[in-house]
Amino acid sequence: MTQDELKRAVSQAALRHVPRGEIIGVGTGSTVNFFIDVLATIKDEIPAAVSSSARSTERLRAHGFDVVDLNQVDRIPVYVDGADEIDAAGAMIKGGGGALTREKIIAEVADRFVCIVDASKLVQVLGRFPLPVEVVPMARELVRRQLVALGADVQLRAGYLTDNGNEILDAHGLSITSPRELERTINQIPGVVTVGLFARRGADVALIGEAEGVSERTFAQPAI
Ligand code: 5RP
């Protein structure tokens, strides 16, 4: 199977986790693009969506979905999103597509995070994929120095601004053996808007696309 076929297969499998008649949370990325297209087949059963990026909003609206502001919503039963890496506990690196802040906000509201990935995203230890950190522009060098002190080789995502008007630093070369601790540490640096470590609130379910088919893993969320 090609990478795109795997993405389509996990997206199709994710439909089983979508409660009909409820608002759905929708992530961002090339895998989620397939999911949005598949979701369109049950559009009449989905009253509205909350979206994590301008790109996903545009695609959802092109299919005729009603996309609503998160502040209008009390509850999101399910949030479906991809990941750049996911470990055996359901902790993830996200933000390769730059939407990490809105993704983390929606994930926090959602009762259930369904992560859709192909098997190449499964890792023993997070960190091979550079860890994205969204920063307020005036804090860029402050945050960079502190990430370097944590052992990272830091690169500014050149020419890129998030949907929130901020910059992204990509922290390369970290071997993240304690994801929850590192998430807390980086969150505490002034000027950090969001770190793309989703460990405190990781995935509840991962749907993993492989040549043999889609497998499912469930994770117990640690007490905060
Ligand atoms: C966007 C994300 C994406 O979920 C992540 O980058 C995976 O994307 P793709 O499905 O294209 O591999 O976090 O901010």
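## Aromatic pair

Rings of Phe, Tyr and Trp (for Trp, the six-membered ring) form a pair if their centres lie within 6.5 Å; planes under 30 degrees apart count as stacked, over 60 as edge-to-face and the rest as tilted. By this rule there is one aromatic pair. The ring centres of Tyr 79 and Phe 113 are 5.1 Å apart and their planes stand at 80°, so the pair is edge-to-face. The pair links distant parts of the chain, 34 residues apart: Tyr 79 belongs to strand 3 (residues 76-81) and Phe 113 to strand 6 (residues 110-118). Strands here are DSSP runs of E with at least two residues, numbered from the N terminus.

## Basis of the values

The model is predicted: local features need pLDDT of at least 70, and side-chain atom pairs count only at pLDDT 80 or more, while totals for chains, interfaces and linings use all residues. Residues are numbered from 1 along each chain as its sequence is written, and side-chain values use heavy atoms, with hydrogens and water left out.

## Ligand shell

There are 16 residues around the ligand, and Ser 30, Thr 31, Asp 84, Gly 95 and Lys 121 come nearest; a residue counts as near if one of its heavy atoms lies within 4 Å. By class, the shell has two nonpolar, nine polar and five charged residues, with Asp, Glu, Lys and Arg counted as charged and Gly among the polar ones.

## Polar contacts and cover

Polar contacts are pairs of N or O atoms within 3.5 Å. A polar side-chain atom of Lys 121 lies 2.7 Å from a ligand oxygen. For the side chain of Lys 94, an N or O atom is 3.0 Å from an oxygen of the ligand. Thr 28 has a polar backbone atom 3.2 Å from a ligand oxygen. The protein covers 90% of the 380 Å² of accessible area that the ligand has on its own, by the Shrake-Rupley method with a 1.4 Å probe.

Definitions and conventions. A polar contact is a pair of N or O atoms within 3.5 Å; within protein, one must be able to donate a hydrogen and the other to accept it, and residues adjacent in sequence count only if both atoms are side-chain atoms. Helices (H or I, at least four residues) and strands (E, at least two) are DSSP runs, numbered from the N terminus.
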